[in-house]
Amino acid sequence: MSWISALLAVLCTLTVFCRSVLADAKARTCSEVRQAYSAKGFSLSNIPYQEISGEQLRICTQGYTCCTSEMEDQLSQQSKLEFENMVEETSHFLRTTFVSRHKKFDEFFRELLENSEKSLNDMFIRTYGQLYMQNSEVFQDLFTELKRYYTGGNVNLEEMLNDFWARLLERIFQLVNPQYHFTEDYLECISKYTDQLKPFGDVPRKLKIQVTRAFVAARAFVQGLTVGREVANRVSKVIPTVGCIRALMKMMYCPYCRGLPTVKPCNNYCLNVMKGCLANQADLDTEWNLFVDAMLLVAERLEGPFNIEAVMDPIDVKISDAIMNMQENSMQVSAKVFQGCGQPKPTQYGRKSRSVSENFNIRFRPYSPEERPTTAAGTNLDRLVTDVKEKLKLAKKFWSTLPYTICNDEKVTAGVPDEEDCWNGHTKGRYLPEIMNDGLTNQINNPEVDVDITRPDMMIRQQIMALRVMTNKLKNAYNGNDVNFQDSIDEASGSGSGSGCTDEMCPPEFDFATTEAPPGSNKSESEGSTAVRPCPHWLAIFVISLLLVLQRQWR
């Protein structure tokens, strides 16, 4: 019986040995790798059928492998392309949001201005006829300057509106006093009395406040959408470093070389790779969030007190009311002007001119609701603002959450539940290292990506500065302050060409938690810069005097 037991033991040993040999032979085959490699569109020529020595590999483990050095190079390039595509696809929503909303708002504002100008022109032709047509360039110039301001022109709204009312006063004053001849000097004298006499009532003051703050907010908001679009487009085009490409290859395709093409990376492993590769993008997040917050606050102004649609839609009625005020007070205004500027010379055609004055004295008939033009771009401002606010809220923290968004994709990683059945960078099993924090400086100990924290991406730093400057413009627009829109670093100090609100009409100011100086520092800074302007002048005199003394000593 003992020999039977011994025989059975030998048979069992042989069975186990045969199974292990068969399993080992099966593990050494590269058939699954060849199939997956071919599915990627690569040629199978020179691809091994069984594992070979991996001493030629530079990234993946140099044990037995299914990869040649050519395969490793091709898969490394493939991992780079797939990573770039992942970032671009993930940011597609963000980029299209800014592109489409900029187009809608810009189209709306431009059409609103066109409709307002057409409405005024049609109304004034019906009301004043030939007299308006003879003086229509005053109104055309008003809308030309408003359009130029909106499109980024260097226009001071307050000065431009003051000039409009002064020119209008000159024209109307001549029409209500046709029996006199007015020289250019006399007309210039008349315009000086615009603020003192208030011939148009309170309309110019109110309209100046409303137009200025509405246009400042509208222009800043559209400019903000432009900046958001440009930043998103530029930052989404990632150029991975050499260290990042190595880490991507190791994560995405070294499983192929180990004969495990269906095993996906562990979720935490993916996060460390992405945080290392997207470290500079994460540094954009703080300024990006401040920018989005500023956009949302200006959006609230647009649907509230700074609503440009509410200002421009009835502007024809408001200007006509001002003209009516002038007509009703023309005698008092004329008497005060004659007193201040002197008695003008009478014309030779007094009787004929008086009939012109009578024609001018037609009362204004406003549009009925059916006659008023339709809303611009087939929508209204409130609807546009509501839509863009929802989209902007989704854009917050986009750059810091980008690694999580990519790694949560089931096409990229095995997912959190499969922590034991995922690729950890070496084999199939749990990933043990801790997850890194966000940003460049936090990648100093990243176990997966070799990141040089002393060399920040300059393109990203430029985008951070662009966001900072734009946030400051939006902050000024929120508080009703005009700003110069030429993109330069000194804009961040908030210098502007005027204010959109005065005295009791000013809304309470809002302070943003930005890295910029507070709005109250503008004045002191500008005063300080004015105070030190003579310094270069005295310095130049000193240098010249010193040179003369040295020259005399040399002689």
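A: Helices (H or I, at least four residues) and strands (E, at least two residues) are DSSP runs, numbered from the N terminus. This is a predicted model, in which local features need pLDDT of at least 70 and side-chain atom pairs count only at pLDDT 80 or more, while totals for chains, interfaces and linings use all residues. Residues are numbered from 1 along each chain as its sequence is written, and side-chain values use heavy atoms, with hydrogens and water left out.

A disulfide here is a pair of cysteine sulfur atoms within 2.5 Å, and a search of the whole structure finds seven of them. One of these joins cysteine 60 to cysteine 254, with the two sulfur atoms 1.9 Å apart. The pair links distant parts of the chain, 194 residues apart: cysteine 60 sits in the loop between strand S1 (52-53) and strand S2 (64-65), and cysteine 254 in helix H12 (residues 254-257). The link of cysteine 60 and cysteine 254 is left-handed, with -90° about the S-S bond. A residue is called buried under 20% relative accessible area, exposed over 50%, and partly exposed in between (1.4 Å probe, protein chains only). Cysteine 60 counts as buried because its relative accessibility is 6%, and cysteine 254 is buried because its relative accessible area is 3%.

Cysteine 67 and cysteine 257 are both buried.

Cysteine 266 and cysteine 422 form a further disulfide, with their sulfur atoms 2.0 Å apart. Cysteine 266 lies in the loop between H12 and helix H13 (267-277), whereas cysteine 422 lies in the loop between helix H21 (398-407) and helix H22 (458-478), so that distant parts of the chain, 156 residues apart, are linked. Here the torsion about the S-S bond is about 90°, and the disulfide of cysteine 266 and cysteine 422 is therefore right-handed. Cysteine 266 and cysteine 422 are buried as well.

Contact means heavy atoms within 4.5 Å; among contacts between residues at least 6 apart in sequence, 78% join residues at least 24 apart. The chain has an accessible surface of about 29,300 Å², 53% of it belonging to carbon and sulfur atoms, as computed by the Shrake-Rupley method with a 1.4 Å probe, where for residues only the protein chains shown count as cover.

A nonpolar core is a set of buried Ala, Val, Leu, Ile, Met, Phe, Trp, Tyr and Cys residues joined through side-chain atoms within 4.5 Å. In the largest such core, of 142 residues, those that touch the most other members are Phe83, Phe105, Phe139, Phe221, Trp288, Met312 and Ile319. Helix H10 (residues 203-236) supplies the largest share of this core, 16 residues. Setting aside residues up to four places away in sequence, phenylalanine 139 touches Leu120, Phe124, Tyr132, Phe164, Leu168, Ile319 and Ile323. Ile319 and Ile323 are among the buried residues of H17. Helix H17 (residues 315-328) has 14 residues and should span 20 Å, which agrees with its end C-alpha atoms being 20 Å apart; the expected span is 1.5 Å times one less than the number of residues.

Asparagine 280, in helix H14 (residues 279-283), counts as buried because its relative accessibility is 15%, and its contacts beyond four places in sequence are Leu440, Pro456, Asp457, Ile460 and Arg461. Glutamate 117, in helix H4 (residues 92-128), is buried because its relative accessible area is 19%, and beyond four places in sequence it is in contact with Gln140, Phe143 and Lys147.

Finally, lysine 198, in the loop between helix H9 (194-197) and H10, has a phi near 50°, a positive value in a residue other than glycine.
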